[in-house]
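These are my notebook entries on one protein model. I set down what I looked up, entry by entry.

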Amino acid sequence: MAICTLGREESLRDTVKSLYIQSYKKFNIVICNEPGGLAVARQKLLDHCRETQVRDISYIDDDVICPPRWL
């Protein structure tokens, strides 16, 4: 799970909490909180995932609350 954020700690915390209660547990969360725009942040996350050989990437906004069976 890839999340781009900048200066939205409270909403990010709620998003991450909703991911931790997912019924499916085999996933990682990667967060980019650097300035430069959404496209730049997503590219950084994509590059990181490629370097660490992550094959499946899902982007999620930092203000989304996922239901427990979303994944």
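**Entry 1**

I began with Asp61, which is partly exposed, with a relative accessible area of 40%. For this term I used the following cut-offs: buried means under 20% relative accessible area, exposed means over 50%, and partly exposed lies in between, with a 1.4 Å probe and protein chains only. The model is predicted, so I noted that local features need pLDDT of at least 70 and side-chain atom pairs count only at pLDDT 80 or more, while totals for chains, interfaces and linings use all residues. Residues are numbered from 1 along each chain as its sequence is written, and side-chain values use heavy atoms, with hydrogens and water left out.

I then looked up the partner of Asp61. The side chains of Asp61 and Arg42 meet in a salt bridge, at 3.7 Å from N to O. A salt bridge here is a side-chain nitrogen of Lys or Arg within 4 Å of a carboxyl oxygen of Asp or Glu. This pair links distant parts of the chain, with Arg42 in helix H2 and Asp61 in strand S3, 19 residues apart. Helices (H or I, at least four residues) and strands (E, at least two) are DSSP runs, numbered from the N terminus. Arg42 counts as partly exposed, at 28% relative accessibility.

I also recorded that Arg42 lies over the face of Tyr59, at 5.0 Å from the ring centre. The rule for this is that NZ of Lys or CZ of Arg is within 6 Å of the ring centre and within 35 degrees of the ring normal.

**Entry 2: The other salt bridges**

How many salt bridges does the structure hold? I found that it holds four. In general, side chains of opposite charge can pair when their charged atoms come close.

Asp62 forms a salt bridge with Arg8, and the closest N and O atoms are 3.2 Å apart. The two are 54 residues apart: Asp62 is in the segment after strand S3 (59–61), and Arg8 is in the loop between strand S1 (2–4) and helix H1 (9–20). Is Asp62 buried or exposed? Asp62 is buried, at a relative accessible area of 7%, whereas Arg8 counts as partly exposed at 37%.

I next noted the bridge between Lys44 and Glu34, whose closest N and O atoms are 2.6 Å apart. Lys44 is in helix H2 (residues 38–51) and Glu34 is in the loop between strand S2 (30–32) and H2, 10 residues apart. Lys44 is partly exposed, with a relative accessible area of 35%, and Glu34 also counts as partly exposed, at 42%.

**Entry 3: Ala41 in helix H2**

I stayed with helix H2, where Ala41 is found. Ala41 is buried, with a relative accessible area of 5%. Which residues does Ala41 touch, not counting those up to four places away in sequence? I recorded Cys4 and Cys32; contact means heavy atoms within 4.5 Å. The C-alpha atoms of Ala41 and Asn28 are separated by 17 Å, and the two residues are 13 apart along the chain.

**Entry 4: The loop between H1 and S2**

Ile21 has its place in the loop between H1 and S2, and Ile21 is exposed, at 52% relative accessible area. Its C-alpha atom is separated by 8.5 Å from that of Pro67, 46 residues apart along the chain.

Ser23 is also placed in the loop between H1 and S2 and counts as partly exposed, at 47% relative accessibility. I found that Ser23 touches Pro68 and Arg69, not counting residues up to four places away in sequence. Ser23 and Trp70 are 47 residues apart in sequence and 8.2 Å apart in space, C-alpha to C-alpha.

**Entry 5: The loop between H2 and S3**

I looked up Gln53, which lies in the loop between H2 and S3. Phi of Gln53 is near 60 degrees, a positive value in a residue other than glycine. Gln53 is exposed, with a relative accessible area of 71%.

**Entry 6: The segment after S3**

Lastly I placed Leu71 in the segment after S3. Leu71 is partly exposed, with a relative accessible area of 37%.
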